[in-house]
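This report goes through one protein chain, with its sequence and 3D structure shown below. Please keep both in view while reading.

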Amino acid sequence: MTDKKPDMTTTAGKIADLRNRLAEAREPMGSEAARTAGEAGISTARQRVEALVDPDTFVETDALARHRVEEHGMDRTKPVTDGVVTGYGLIDGRRVAVYAHDASIFDGQLGEVYAEKILKVYDLAIKTGVPVIAIHDSTGARLQEGVVTAAMSARILRKATEASGVVPQISVVAGEVASLAALLVPLSDLVVMVESATMHLTSVSAVTKVTRRVATAKSLGGADIHQTVTGVAHLTAGSDLEAIQTVRELAAFLPENNRAASPINDNSAEPDTSSLDTYIPDNDSAAYDVREIITRVTDKGLVELGRGYADNVVVGFAHISGRAVGIVANQPSVLAGCLDHAAAKKAAAFIRVCDSFNLPIVEFVDSPGFFPSEEEEHLGSAKYGAALAFAYAEAQVGKITVITRRAIGPSYVVMGSKDLGADMVFAWPTAQIALADATTAAEHLGVDADEYAAAHLTPYVATERGLVDAVIEPSHTRTQVTEALRLLERKVVYAIPKKHGNIPL
């Protein structure tokens with residue numbers, strides 16, 4: 001090793017100088033900082049990016065960028081990369097754009113040059129039609145650069161909004177994400193959060209001061225909060241590298257952009273569906289786990305999203321005969337399958353992701369209605385029920401509904417009914433499709449509940465009216481859904497020209 005400077009009058013010297021500069025970009029705060037981070041179990045931004053993409057495929061952009069600020073002593077510290085690693089690479093051979101905050105540089109805080117790098121990633125992704133994957137580890141805007149950082153944050157939010165529905169956006173929350181940096185994460189289609197990470201908009205000190213209760217980053221926005229309370233985190237992982245591996249798996253379900261077809265998995269498996277014929281309990285009020293049905297209909301089960309938040313509805317990705325699909329299902333083992341405001345919001349958001357990226361939607365319905373309570377009404381069950389109806393009615397992808405047991409009243413309407421826009425509706429012989437349950441109908445109509453149930457709580461009244469396309473044996477569900485998916489590949493919708501609808505928020 002030598003500290004001798006390259007001879008810049010020669011080509012060899014200029015190449016050596018370039019290599020030195022790029023080496024600095026790999027460890028902008030020095031090898032000691034990288035070693036210390038490794039000993040603490042923290043992956044560097046570059047290690048995270050290189051773990052995300054296929055080996056030797058990462059192409060870095062703006063590696064030698066530095067901030068231009070002279071005030072507040074910033075002229076004395078001008079590390080290359082300026083706190084964010086940007087570029088593109090491959091995941092399982094498919095191109096993606098990526099950026100990762102580097103918390104070792106100014107705590108990952110955003111500055112003008114830093115923002116310019118991220119904006120270039122978004123522009124590149126939009127122009128080329130590739131997903132954007134972001135690894136967040138930033139405590140907000142760089143105070144030393146003043147209000148320009150707020151303006152640059154606004155530009156990034158606007159650019160992410162422009163990209164929304166055009167290319168998939170996936171975020172990993174890998175460390176502390178605070179202040180303005182926290183606004184960008186929920187704009188993503190999918191969010192994976194490391195269990196030790198935090199995300200909050202207001203500062204810990206401000207919350208403590210205003211509420212006069214001691215707050216921490218974890219109490220404001222730990223992974224458990226965002227998994228079970230806010231629903232922002234679709235999945236959690238034990239470490240940043242586990243989260244990144246999860247992102248690689250999620251990316252396999254999504255096309256590169258809104259014009260590409262849903263991915264086909266050639267390694268489909270054929271599950272045993274025969275047990276479905278005896279799966280629904282004879283007792284109408286008995287609970288069961290809808291995931292068992294999903295496992296028997298799909299190739300290799302469900303990649304469930306949002307587990308722990310509104311578990312009375314189950315959503316996630318799966319393959320059916322090799323085709324990537326989105327699954328939405330009532331969960332009879334939680335609140336008897338009743339919908340509530342959170343479940344409706346969760347399902348609506350997922351449906352919009354599927355529709356944005358051409359994933360057919362398959363719904364499994366077993367719900368007696370919306371959960372009846374004063375609190376639910378105050379929390380907006382009507383508003384979010386309308387949002388679910390809006391999202392489903394607006395979706396242009398193939399839509400298939402399987403009614404396994406109860407489809408009563410409002411739940412029948414918003415959970416993929418024929419007149420809301422389902423292309424194919426199948427019902428099992430155990431299905432109960434009606435405006436009201438037997439007890440309620442008997443009270444209002446002055447009839448015997450058992451007689452009403454025998455006459456109306458079946459799939460056949462709806463079938464006679466064309467509201468159900470076919471009553472099928474449960475064990476035939478996979479075959480029927482597969483054929484419907486093949487047919488719906490040819491679906492074409494000519495939408496009414498408009499800027500956008502006004503979904504209830």
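The model is predicted.

**The annotated domain**

Which residues does the annotation "domain: CoA carboxyltransferase C-terminal" cover? According to the unreviewed UniProt entry, this domain covers residues 270-498. Over residues 270-498, the chain is 36% helix and 20% strand.

Glu-270 sits in the loop between α10 (240-251) and α11. Its relative accessible area is 63%. Because buried means under 20% and exposed means over 50%, Glu-270 counts as exposed. The C-alpha atoms of Glu-270 and Ala-150 are separated by 53 Å, and the two residues are 120 residues apart along the chain.

The side chain of Glu-270 makes a polar contact of 3.0 Å with the side chain of Arg-478. Arg-478 also takes part in a polar contact of 2.9 Å with the side chain of Asp-299.

Is Asp-299 buried or exposed? Asp-299 has a relative accessible area of 7%, so it is buried. Asp-299 is placed in the loop between α11 (290-297) and β10 (303-305). Leaving aside residues up to four places away in sequence, Asp-299 touches Ser-268, Ala-269, His-319, Ile-320, Ser-321, Gly-322 and Arg-478.

**Salt bridges**

How many salt bridges does a search of the whole structure find? The search finds 27 salt bridges. Three of them are listed here, with the distance between nitrogen and oxygen.

| Salt bridge | N to O distance |
|---|---|
| Glu-50 and Arg-26 | 3.1 Å |
| Arg-142 and Glu-145 | 3.0 Å |
| Arg-406 and Asp-366 | 2.8 Å |

In the salt bridge between Glu-50 and Arg-26, Glu-50 belongs to helix α3 (residues 45-52) and Arg-26 to helix α1 (residues 11-26). The pair links distant parts of the chain, 24 residues apart. Glu-50 has a relative accessible area of 35%, so it is partly exposed. Arg-26 is also partly exposed, at 48% relative accessibility.

Arg-142 and Glu-145, by contrast, are buried.

The salt bridge between Arg-406 and Asp-366 joins two strands: Arg-406 lies in strand β14 (residues 399-408), and Asp-366 lies in strand β13 (residues 361-367). The pair therefore ties together parts that are 40 residues apart in sequence. Both Arg-406 and Asp-366 are buried.

**A nonpolar patch on the surface**

Which residues form a nonpolar patch on the surface? They are Leu-18, Leu-22 and Leu-64, and together they have about 240 Å² of accessible area. Leu-64 is in the loop between β1 (59-61) and β2 (84-91). With a relative accessibility of 36%, Leu-64 counts as partly exposed. A residue needs over 30% relative accessible area to belong to a patch, and Leu-64 has 36%.

**Two residues with positive phi**

Asp-56 has a phi near 60°, which is a positive value in a residue other than glycine. Asp-56 lies in the loop between α3 and β1. At 84% relative accessibility, Asp-56 counts as exposed.

Asp-107 has a phi near 55°, again a positive value in a residue other than glycine. Where is Asp-107 found? Asp-107 is in the loop between β3 (94-101) and α4 (112-128). Its relative accessible area is 46%, so Asp-107 is partly exposed.

**Glu-112 in helix α4**

Glu-112 lies in helix α4. Glu-112 is partly exposed, at 27% relative accessibility. Not counting residues up to four places away in sequence, Glu-112 touches Arg-68, Glu-145, Val-148 and Met-152. One of these, Glu-145, is the salt-bridge partner of Arg-142. Between Glu-112 and Thr-139 the distance is 15 Å, C-alpha to C-alpha, and the two are 27 residues apart in sequence.

Terms used
Residues are numbered from 1 along each chain as its sequence is written. This is a predicted model: local features need pLDDT of at least 70, side-chain atom pairs count only at pLDDT 80 or more; totals for chains, interfaces and linings use all residues. Side-chain values use heavy atoms; hydrogens and water are left out. UniProt positions are given in the numbering used here, feature names are shortened, and annotations may be inferred rather than shown by experiment. Helices (H or I, at least four residues) and strands (E, at least two) are DSSP runs, numbered from the N terminus. Patches are made of residues with over 30% relative accessible area and no salt bridge: like charges are joined within 9 Å, nonpolar side chains (Val, Leu, Ile, Met, Phe, Trp, Tyr) within 5 Å. Accessible areas come from the Shrake-Rupley method with a 1.4 Å probe; for residues, only the protein chains shown count as cover. A salt bridge is a side-chain nitrogen of Lys or Arg within 4 Å of a carboxyl oxygen of Asp or Glu. Buried means under 20% relative accessible area, exposed over 50%, partly exposed in between (1.4 Å probe, protein chains only). A polar contact is a pair of N or O atoms within 3.5 Å; within protein, one must be able to donate a hydrogen and the other to accept it, and residues adjacent in sequence count only if both atoms are side-chain atoms. Contact means heavy atoms within 4.5 Å.
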